Amino acid sequence: MMMVQRPALLWMLASQSLMLAPHGSRMPLWMLIGCFVIVAFTLARIQGHVRLPSKWVAVASVFLGWGLLWREYGSPMVVEFWVDLLLFMYTAKLLELVSKRDVAQVMLLSFFVAMTHFLFDESMLQTIVTFSGLVMVMATLIAVHSSSTQTLGRQPLKLASFAFLQAVPLLVILFVFFPRLSPFWTIPLEKGTAVTGLSDRLMLGDIHSLVQSDALAFRVNFAAAPPASRDLYWRTLVLSEISEGGWVVGSPPRPKTAIGTPAEVIDYELLSQPMRVPFIPSLDRILSVEGASVSLDPLGFVRSTSVLQTVSQYQMRSGLNPVDGVDLSKAERAAYLALPKRTNPLAQAHGAALAENHQAPDARIQAVLAWYFDDFTYTLNPGASEGDSIDHFLFETRRGFCEHFAASFTWIMRAAGIPARVVLGYQGGAYNPSGNYIEVRQFDAHAWSEVWVQGEGWRRVDPTAFVAPERIEAGMGASAAGMDGLMTGKAWDYFQMQSLGWLFDLQLQLQALSHLWDRVVVNYDQAQQLRWLTTVWPDLELEDLAPLALAAFLLGLGVITVGFVASPFRRRLSQEARWYRGYVNCLDGEARDQISRGAGVARCQEVWRLTRPAEAALACEFVDRFELRLYQNDQSVVPSSISKTLLVLRVRLAWMRLTKKR
Amino acid sequence: MNESIQSVLEGLDTIILGKQREVRLALASLLAGGHLLIEDVPGTGKTTLALALGRVLGLQHKRVQFTVDVLPSDITGSSIYRQSEQAFEFHPGPIFSQILLADEINRAMPKTQSALLEAMEENAVSQDGITYPLPSPFFVIATQNPMHHSGTYPLPESQLDRFLMTLQMGYPSADAELVLLTSGATRQKVLDQPALCTAEQLLGWQADVRAVKVASAIADYVLRLVRESRGDASFEMGLSPRGGLALMAASRAWALLQGRDFVTPEDVQAVFAAVCQHRLRFRSTEDRAGLLHSINDFLNQVDVVA
């Protein structure tokens, strides 16, 4: 039999389910089913169809759950393991739930569960879901502690919402001013494999599978007007070496510092979604970058020194169309010309022939591009590659995707004696007029080449632009629509959306809102905080921030404490009430659970005598004096003597409990 | 405690088995000088309790069985023209007794009900411009069937207010019922019961009740109960000032029955449901058990000491 009123229990199940729901799609299937069974079972128990399972069932299911979790993750060194453990215990508690205290415990645990939501999703939608869950949790706590059956309808929810709204100003103040501390420790999330995105090597077919995804890659706000879509080449990483038939980053020699001033400088802010690889896209020649744990690679792309698990923000400055006047060193030249022997012999021969026929490097480049333009087809459905994949593509199928063109072009260039490398990244992006930003999704992934031209430096050559100019001019959506290749999956759905008019507009608005959320809320880190606060106090230093905030926090705490103790608005307790409270606080938990505000001293004494007769006996003198003074108006019992007996009672009780424990 | 009160209680307990609480509440109601309404399904010992009280207290008692056709004059009495004296002579009705047992009061017509209740209020009967005072002490012990039984005229709230307490007898415990079944002939036991005190003694006890001390802490508590009842979500209508006075009087009587000359919060709580259940209007339309439950909830919410 449960000792809690049924409406309160229903509130509890509802809020618990709401707190579990965001994890539903992530947690292992068996656990999802297990949680569902336990919740359904408890619901049946509340309705009186089944009874509390025996202790052994609860213990057995907990051990079973632990075992399965261990099997699932293999090691406790991932956050998911601990989160799922928490969620499992949070649910399994229902198997032994009897008293009000159990319900309160589960609900307090909900606050921890709420925190785990943000480990996996920091979006605005998630925040709304989590906060509504917390309001439900508070409503449950109110319902549990309300003794009246009459007030269990919508009343707790109303009260909880009201309390929540009252807390919102405090939430805003704490959000803005509380010091952002970096975590003391981290456990890696296992989700790296689940994130779609570029990998750090290029095998033919990689990008092709990537463009099926409509997952968001990053969003960019430009300080000035954004460049045209065809000029947006988001360099993410540079592949310089060939290994096992694919292009990899490798370890090319360190280039001499680039001199050469870029013709045009552009400032932008990039908000990156979680990435598989620790590289952050940037435009053309990256000049500077500000953000958490980033560094500039000498090859001209941005590396992150930590795993990109969350949305991260970067302030960037790039030079467009830079000109490098520096020579390649010998080592560099050798590295960028290196080709593995005996693979793709036809392509190597083609390159060699090209070098003989055309003297000028430009002519060699143009010749290959012209060949591509005449004889090749851009397709999303290039078919499987066989044997020497580049030879197969160049001389048999001649149907390919950007990766085929970039890889084969770079190969031929090297064979023809021109230093060349493959660049992986994204091309283009969709402009969102509601939020005035450019949004790049995974289907914008692209590969192109860079060749070294003496006197000019690394020149970007995108062979795809010659084969399928619409891909570059109008973006992936337009090219996909007119292409024979089959685009399937979510990316296709996404492009279909565009024809839906107002629905698409609505989606744009929502995306803009979500972008704003990412920029303003999720990315409100130490740097942002400082930037914001310095607009108010220009002299503020980062070092001042923590002590200042700490001082403000302590001050606030002090004010609240003083307010509680000395507020003129607070109802002062009478001397009698203080005695009464003091006495009630002497009772141990078991007895105190059974008495309410309406229980007089005599009733408390009765309950106490039933649970702890020895302890209750100690209180007799206090009870006598208290009743004499309060109810018999015996003025000979002076207040100080009552206070004294209460004190003696407390000391003797403490001593009794202490010695008993031993 | 006063030994004769003790013996009265013991006498009552031998007749009404396993109902110590109800018996004490009923006696408290009489000691506080208030009328008593006993409410329950037929056969739970309502009438037996009323009769037993009359016998044990040694009061002169009469019983009226109310039905639809009972007229006001059947209660109060009527004037009859006496030819020999050429004058009207007043024949007092059954109400002229120290304890009137009004059985199934809610089966009578409203007109008859109000005649009785008027007499209860005035402690007198007026007939043809002459006021005949009722004897002292004067108690009405009324019984009524639950409201929803057929053929009943529910008493209006203003008249319910005349009763100090409402009691539910409830079924006896299994042990008590077994004794009841084996011993049998309760009615005879009642008739054989000797009086254990006198009317004068009873009046003396009533004076004792009035002398029971009420400390300011208790007055505060009663005040809190009354005021909070007016704002509580469960009640559509809270307690009236008269309700507060009734609560105080009943608490005093209860304290005396506990052998004390001062009131404690437990006394107030013990009589609260009996005194207040017919004075509060509930928001929900639950059965009686549900209403008692919400009264209990209410008591649990109000601070005993503040």
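**A walk through a predicted two-chain model**

A:S272 is found in strand 6 (residues 264–272) of chain A, where strands (E, at least two residues) and helices (H or I, at least four) are DSSP runs numbered from the N terminus. This is a predicted model, in which local features need pLDDT of at least 70 and side-chain atom pairs count only at pLDDT 80 or more, while totals for chains, interfaces and linings use all residues. Residues are numbered from 1 along each chain as its sequence is written, chains are lettered from A and ligands numbered from 1 in the order in which they are written, and side-chain values use heavy atoms, with hydrogens and water left out.

With a relative accessibility of 0%, A:S272 counts as buried; buried means under 20% relative accessible area, exposed over 50%, and partly exposed in between (1.4 Å probe, protein chains only). Apart from its neighbours within four places in sequence, A:S272 is in contact with A:A217, A:F218, A:T310, A:V311, A:S312 and A:Y314, contact being heavy atoms within 4.5 Å.

Chain A as a whole has 26 helices and 19 strands, and 44% of its 662 residues count as buried. Of the contacts in chain A between residues at least 6 apart in sequence, 72% join residues at least 24 apart.

Charged pairs come next. Side chains of opposite charge can pair when their charged atoms come close. A search of the whole structure finds 25 salt bridges over all chains, each being a side-chain nitrogen of Lys or Arg within 4 Å of a carboxyl oxygen of Asp or Glu. One of them joins the side chains of A:E450 and A:R235 at 2.2 Å, N to O. Because A:E450 lies in strand 18 (residues 445–453) and A:R235 in strand 3 (residues 233–239) of chain A, this pair ties together parts that are 215 residues apart in sequence; both A:E450 and A:R235 are buried. Another salt bridge joins A:R460 and A:D284 (3.3 Å, N to O), linking strand 19 (residues 457–461) to the loop between strand 8 (282–283) and strand 9 (285–290) of chain A, with the two residues 176 apart. Here A:R460 counts as partly exposed at 30% relative accessibility, whereas A:D284, at 11%, is buried. A:R219, A:E439, A:R441 and A:D518 are linked in a network of salt bridges.

In chain B, helix 2 (residues 20–31) is mostly covered, with 10 of its 12 residues buried, and this helix is followed by B:G33, whose phi is positive, near 75 degrees. B:S79, in strand 3 (residues 77–82) of chain B, has its C-alpha atom 4.1 Å from that of B:F90, 11 residues away along the chain.

Where the chains meet, the contact takes 24 residues from chain A and 27 residues from chain B. Together they bury about 2100 Å², 50% of it on carbon and sulfur atoms, buried area being the accessible area (1.4 Å probe) that two parts lose on being put together, summed over both. Across this interface of chain A and chain B, the rule finds 0 salt bridges.
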